[in-house]
Amino acid sequence: MAGGGFLKDARYKNFNLGPVVSIFSSIDTAYRDVRAKAVAPLFSPARLREESSAQGSIGRHVADFLCQLCAFRQAGIKTDILDLCAKLSIDVVSDYVLGQPYGGLTEHAHLNLAERQTSDVKLSANGFIHAIVGFSRFSLLPNRLFKLVYFLSQKMGHSDEVDKSFRRIQEFMGEVMKCTKEDTRAEFYQDRLLASGISFLETTMQSQAILFAGGDSTAVILATIIFHLTRSTEARTRLLHDIRTALPTAEDNRKPDIPFLRACVKEGLRLGMANPTRLTRVVPPGKNLTIDGILIPAGAIVGCAAYVLHHDPAIFPDPFVFRPERWIDDERNCGLYRPHMERSLIAFGAGLRACLGKNLAMQQLLETVVAVVDSEVLEGARTCEDHIEVIQWFNGDIKGHRVDIEW
Ligand code: HEM
């Protein structure tokens, strides 16, 4: 799989968007490649750097996120960081990729701080997001059985709140699609798809899907990193020291590379179960596979699960412990550094079908972690639980849909 040669198996069709085959659900490489090539330039490092400035579509939302977190701290209000991370992530992905912010961080601005943390005041896209996470629990069923189970679960799980959330997403997508330009030089996802000959309906659906793909996973990982940094004074202190002593790089507005910052994010990607279960692929025809002396015939379905690889004690000793220093090959890592760690980290998948939005996700994670630690907003904070419990479906579902911290 690491070479990218294996195709996704037929059960990925379960993720089709009704009649539309998405970039993610496609098992036809040529179909996927046309669409992926059209949108790939959006994720270039230069554009990401530019948008991370104070006025950019990443920088502005990170600043707003931090401002809200600091306000909750100052008022001493218990804060659901998962919800705050979900609001940030949907705003970053919508603004950066589609050119219009969804407004997650601002939609409750009319409420006072205490009201914003009551349990019914959450991101309005949650109904839409949780519905997709919910159906992903059936994604490993064969297509026909999936359709039946999905139909039944839709009937049973139907609620006004979910309908309202879907309507809000559709309204937002209506606004986005009103401003499209059929020009490959245009900046945004939808413009680039239309310019590559993709129909208006399909472009709308693909763009709507990206709100989920980009929003949910990044929120889960970011909330996981903030949760562990809240609990680890040692990691926070080292990171704060490294941020404040890092030397600026002269060229291109590049921010200094801080190894311990990358280590904290990698450790969050390892422990944050955005996609815990196996990513399934088919052994190509005529290519039997032998692993550890076991023959796997052509046509068999194989798969790797992040949960298994990320918690392998031979590669990651004390696998459930947040130890960013394990990613740094120096004398201060308590002997935890191991070869093959990078290869065993599959938070973004692997090979040709790995995550298309990885650069954007990494930029958001790095920028936000620096901002949070540098502000010292986590000083004096504690988490309300001692671990995050995840229900293992295709998309990991954090139990109770909240991660609280208090000061
Ligand atoms: C930390 C955040 C993220 C994580 C952990 C993550 C994880 C993943 C994983 C594991 C896959 C491969 C799934 C498979 O092989 O079945 C994937 C694919 C994908 N991701 Fe992400 N993702 C993240 C953020 C994003 C963002 C920000 C975007 C877009 C803005 C995005 C768009 C996509 C797309 C379009 C695919 C399908 C690629 C293909 O099949 O060719 N993801 N992601």
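In which loop is the place of S196? Let's begin there and then move to the ligand and the sheets.

**View 1. S196 lies in the loop between helix 9 (189–195) and helix 10.** What you see is a predicted model, in which local features need pLDDT of at least 70 and side-chain atom pairs count only at pLDDT 80 or more, while totals for chains, interfaces and linings use all residues. Residues are numbered from 1 along each chain as its sequence is written, and side-chain values use heavy atoms, with hydrogens and water left out. Helices (DSSP runs of H or I, at least four residues) and strands (DSSP runs of E, at least two) are numbered from the N terminus. S196 has a relative accessible area of 30%, so this residue counts as partly exposed; buried means under 20%, exposed over 50%, and partly exposed in between, with a 1.4 Å probe and protein chains only. If you look for K37, its C-alpha is 9.4 Å from that of S196, although 159 residues separate the two in sequence.

**View 2. A shell of 28 residues surrounds the ligand.** The closest are Y12, R32, R281, R353 and C355. By residue type, the shell holds 18 nonpolar, six polar and four charged members. Here Ala, Val, Leu, Ile, Met, Phe, Trp, Tyr, Cys and Pro count as nonpolar, Asp, Glu, Lys and Arg as charged, and the others, Gly among them, as polar.

View 3. Two or more shell residues come from each of helix 10 (200–231), strand 3 (278–282) and helix 15 (358–375). Helix 10 gives the most, with six residues.

**View 4. C355 is the single protein donor to the iron atom of the ligand.** The SG atom of C355 is 2.3 Å from the iron. Donors are N, O and S atoms within 2.8 Å of the metal (3.2 Å for Na, K and Ca); water is not among the atoms, so sites may look incomplete. C355 is found in the loop between helix 14 (341–344) and helix 15. C355 counts as partly exposed because its relative accessibility is 38%. An unreviewed UniProt entry places the feature "binding site" at C355; UniProt positions follow the numbering used here, feature names are shortened, and annotations may be inferred rather than shown by experiment.

View 5. Two strands pair if DSSP finds at least two bridges between them. Two bridges join strand 1 to strand 3, and L7 has V282 as its bridge partner in strand 3. Strand 3 and strand 6 pair over five bridges. On that side, look for L279 opposite C304 and for T280 with its bridge partner G303.

**View 6. A second open sheet has the strand order 2-10-7 and antiparallel pairing.** At its edges are strand 2 (79–80) and strand 7 (382–383), each pairing on one side only. Two bridges link strand 2 with strand 10 (residues 404–406), and T79 stands opposite I405.

**View 7. H340 and E376 have positive phi values.** Most residues other than glycine have a negative phi. H340, not a glycine, has a phi of about 70° and lies in the loop between helix 13 (306–310) and helix 14. With 44% relative accessibility, H340 counts as partly exposed. E376, again not a glycine, has a phi of about 60° and is found in the loop between helix 15 and strand 7. E376 is partly exposed too, at a relative accessible area of 30%.

Terms used: A residue is near a molecule or strand if one of its heavy atoms lies within 4 Å of it.
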